[in-house]
Amino acid sequence: MNAHPEVMIDLGGPITRPQSDAKLERYAAAFDQYGFGRWAIENLMGEFLGYAGIMPSRPDHPLGLHMEIGWRLVRHAWGNGYANRSSGSCAK
């Protein structure tokens, strides 16, 4: 997902597997510290579709420390209502 050019177009472009793994480790550490974070989104068959959730920003963020709502979906999950702009829903 993080290596797909279209998925990552607004996020600085694709990232490498080590960069993606570091991102996952950061999500897990935030969950351990705060008790919330990004959660995996799966379809009814258990196929990974992406993630959504709340995370603290990085300490060096230009806006300062704050909570961010974020989501990312694999390309083939787009257009299925998982993160629909009109409803604001992150679940189908």
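This is a predicted model: local features need pLDDT of at least 70, side-chain atom pairs count only at pLDDT 80 or more; totals for chains, interfaces and linings use all residues.
Residues are numbered from 1 along each chain as its sequence is written. Local features need pLDDT of at least 70, side-chain atom pairs count only at pLDDT 80 or more, and totals for chains, interfaces and linings use all residues; side-chain values use heavy atoms, with hydrogens and water left out.

Select residues 38–42, strand β1, then residues 48–56, strand β2. Strands (E, at least two residues) and helices (H or I, at least four) are DSSP runs, numbered from the N terminus. β1 and β2 pair in the antiparallel sense over five bridges; pairing requires at least two bridges found by DSSP. Pick tryptophan 39 and look across to alanine 52, its bridge partner in β2. Now move to the turn: five residues lie between the strands of this hairpin. Glycine 46 sits there, with a positive phi of about 85 degrees.

**The salt bridges.** A salt bridge here is a side-chain nitrogen of Lys or Arg within 4 Å of a carboxyl oxygen of Asp or Glu. The count comes to two.

Select arginine 75 and glutamate 6: their closest N and O atoms are 3.1 Å apart. Arginine 75 follows β3 (67–73) and glutamate 6 precedes α1 (17–34), so the pair ties together parts 69 residues apart in sequence. Arginine 75 is partly exposed at 31% relative accessible area, and glutamate 6 is partly exposed at 39%. Buried means under 20%, exposed over 50%, partly exposed in between (1.4 Å probe, protein chains only).

Next, select aspartate 21 and arginine 17, whose side chains meet at 2.9 Å, N to O. They are four residues apart in helix α1, about one helical turn. Aspartate 21 is partly exposed at 29%, whereas arginine 17 is exposed at 63%.
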